[in-house]
Every structure is written in structure tokens, then in C-alpha cells.
Amino acid sequence: MSRAGDLPKERGSFEETVPLSDLRRLDRHVLETIRQAVSSVIDSGWYVHGVEHEAFQKEFAAYCGADLCIGVANGTDAIEIALRSVGVRPGDQVVTVANAGFYTSTAARAIGAVPVYVDIDATLNMSVESLDRTLRETPGVKAVVLTHLYGQLANVTEIKGITDRHGIVLVEDCAQAHGAVFDGRKAGSFGQVASFSFYPTKNLGCMGDGGAVVTSDPEIAERAKRYSQYGWGKKYEVIEAGGRNSRLDEMQAAVLRVKLRSLDAWNARRRQIVKAYVEASAANRIVWPHDPASSSYVGHLCIAIPPDRDAFVEHMRSYGIATAVHYPISDFDQPAYLAQFERRPELPMTDQAIRTIVTLPCFPELTDQEVDRVCQALAKISS
Ligand SMILES: Cc1ncc(COP(=O)(O)O)c(C=O)c1O
């Protein structure tokens, strides 16, 4: 790591920070197409559950290799509605990881279900061994929520085998993994049901909030549709208790339909950026938990594990490069829920990851010059 004495001459000469994200840089042609699509929605006078929503649901299901998609208001609602749709009820146990930003915990808690946390492996996703052990030791688990964190598909085929053996439902949380592929299958097509977020910074993001539930099971889809609209079977008739209003509106659906056409190209650019970082740091001891050559990784967040995080962050700052930590607090350490645990879960890999991970800039619109600057900074790290 460079010390004060051998800092680069350029230090302090960077007028602009290389940001973690900048949504204003959206491709001009894509932006113009979105403006026209949104303008058509405005002119149509139909703003909720119309032709754009209907078309997006079909197009996104097809993209994911699933039969059905239900647009909802955001990714957290999508997890909650998916869980309700597979029969999770108050008091049920839902197994998940504790390093993924508390979104699944929020959804499970909203139902009154109890999250049970398992450890992660070197890819920072759910550990197969930890899941298997937990399911053998914990009777009565209703569902597993498998988050494909940072854009990296988890070991989903093995995990599906385990949940099937235990007769437990697998819900994939794909909020960070739109378009990730393993064995010719896309994120969201492995479990009984999947959730997506279209928060603006996601690999597929709208211009506001949005989300989706994806499944090939028509009964799950039917229930998800009901839960997303007051529990209605038909208009004004509530046949499902626990329903709510969670809808993807026409403007967001129109935005998503335009952006979906560029998703694969944007994912490829994200992988290219991470590849450049990995190659630039070949001579030092930074650990890169994800392989940018693999289509099972779509570079939602570029995670590095440097030997000394504080020194690394300071070094990158001296090159005008933004960094962050996703996420700095495990689910079981969140202040509002501390009282819920008789004792703190022992998940050593989770604790270690939270202490050591750091996020680097990675979004499709980063310029080559910005990527080069990050590479230069990485190459200057000596240990
Ligand atoms: C892994 C994961 N799951 C769920 C969510 C929740 O999505 P939303 O912010 O749209 O509610 C997010 C996004 O922020 C996420 O990153």
C-alpha cells in the first residue's frame, strides 16, 4: 500500500471523483427512447396496470426463462409477496444469509416470520454446508431465500437439491443478479419463485421504485397477483388475507421495457470493468471473490478484499476514487432487532466478510479513463 512518502504525483489533481454510480450518464439513445415511451404513457391516460405492465411482465418472464412475471412496487415487496405466495405465515422460519442488507429480513419480519441465518462461503453467498447443517438441526423451516449477492449466482443447483430433499421451498432473491447465467439458465429460473428489484442503480433499474415476482408455477403466480393487489380474486372481492397494494406502474414498466434490450450488453461491460481491475492488481494481495470471466457473475457490485481495508480506502481516495461497504452491519446486529436473539448467531465467514469487503466503482457508463484511473491506483498497491 503506498505510504504518505510515496504517494503518486497526481494525488489531489483529480477534479472529479470516480463515482460508485451516476444515473445521469444513461446512453443518449436509450434516454430518448425512454422519453418517447413515457410520453406515450402520459398521452394514453392509463397509468396503472395497462399495456406497458402487461407487455413487460411477458418480456421479463421470457428473458428469465420462466413462464410468469408479476410486476410489483419494489424488491422488498417482491420477496414478501413471494414468501406469502409459497405459504409462509406468521411464526414460520425462513432461512437466509445475514450479509445481504436486511432486505429479506424486512420481508420475513413484515409477515411475522422468523429469519434463521446461515453462513456464507468464499464467494460471499450462502454456504451449502452451513445450509445443510442448519436444515438438519432446525425442524419446521418453511422456505430458504437465496440471495445472489453482488451479481454472483450462488451455488443454486446444489442448494435446490438440498431444499428439495428437505421439502422446503427455494425463493431466489435476484435483486442484484438480473441476467446472470449458470448452465444455460438465468437467475430466477432455478427456485419455485424469484424476486427482483428494479431500484434505479440495479443492473436493470427503472426511474423510481419497481420490482417483480417471477415463477413458472401458475398457482404461485396467481397468489402473488392477488397479494399485490389487496388480496383481490376479482375487483373488490378479497379472497386472500394479507394482501396489500404493491403495483409496478405504467411509466416504470415502459422504462424497463426499453432498458431490458440493453441489459446483456451492460452486464458484459460490468464484467469487462471488473476484469480490468483484477488484471491490474495481479501483483498484489487483493482477493477478488468473483470471476469476471464467468457468465454467472454480472458485476452488480465490484467487491475487493484488500489486506488492510482502511489503508486501501485511503489509498483509493488519494486517487479520487469512491468506495463503499455493502453492507457494514449483519442482519443479526441491526439495533432494532438485537433483542430478538437469545444469543448472537455464530457465523464466522459472515463476520469476517463484513470486516474486510470494499466496493469499487462498477457501472456500464464508467469511462475508459475512469477505469484506467482505478487500475492505476490498484497497480500501485504494493502488498
Ligand atoms: C439483494 C437485495 N434484495 C432486495 C432488495 C430490495 O429491493 P428494493 O430496494 O427495491 O426494495 C435489494 C435492493 O436494494 C437488494 O440489493
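Colleague: Which atom of G75 lies 2.8 Å from an oxygen atom of the ligand?

Modeller: A backbone N or O atom of G75 lies at that distance from the ligand oxygen. Please bear in mind that this is a predicted model. How much of the ligand is covered can be read from its accessible area: taken alone the ligand exposes 390 Å², and the protein buries 92% of that.

Colleague: Where is Y327 placed, and what is the form of the peptide bond from H326 to Y327?

Modeller: The general idea comes before the case. Most peptide bonds are trans. The bond from H326 to Y327 is cis, with omega near 10 degrees. Y327 is placed in the loop between helix 10 (309–318) and helix 11 (348–356), and this tyrosine is among the residues surrounding the ligand.

Colleague: What is the phi of Y150, and what is that of Y230?

Modeller: Again the general idea comes before the case. Most residues other than glycine have a negative phi. Y150 has a positive phi, near 65 degrees, and for Y230 phi is likewise positive, near 65 degrees. Y150 belongs to the loop between strand 4 and helix 6, whereas Y230 sits in the loop between helix 7 (218–228) and strand 10 (232–234).

Colleague: Where is N155 found, and how far is its C-alpha atom from that of M126?

Modeller: N155 is found in the loop between strand 4 (141–147) and helix 6 (156–166). Its C-alpha atom is separated by 7.7 Å from that of M126, although the two residues are 29 residues apart along the chain. N155 counts as partly exposed because its relative accessibility is 31%.

Colleague: Which residues form a nonpolar patch on the surface?

Modeller: The patch consists of I42, Y47 and V48, which together have about 250 Å² of accessible area. Y47 lies in the loop between helix 1 (28–44) and helix 2 (51–64). With 40% relative accessibility, Y47 counts as partly exposed.

Notes:
Residues numbered from 1 in each chain as written. Predicted model: local features only at pLDDT ≥ 70, side-chain atom pairs only at ≥ 80, totals over all residues. Heavy atoms only, no water. Patch = residues over 30% accessible without salt bridge, like charges linked within 9 Å, V, L, I, M, F, W, Y side chains within 5 Å. Areas by Shrake-Rupley, 256 points an atom, 1.4 Å probe, with all protein chains shown as cover. Salt bridge = Lys/Arg side-chain N within 4 Å of Asp/Glu carboxyl O. Helix = DSSP H or I, 4+ residues; strand = E, 2+ residues; numbered from the N terminus. Buried < 20%, exposed > 50% of the residue type's maximum accessible area, 1.4 Å probe, protein only. Near = heavy atom within 4 Å. Polar contact = N/O pair within 3.5 Å; in protein donor to acceptor, adjacent residues only side chain to side chain.
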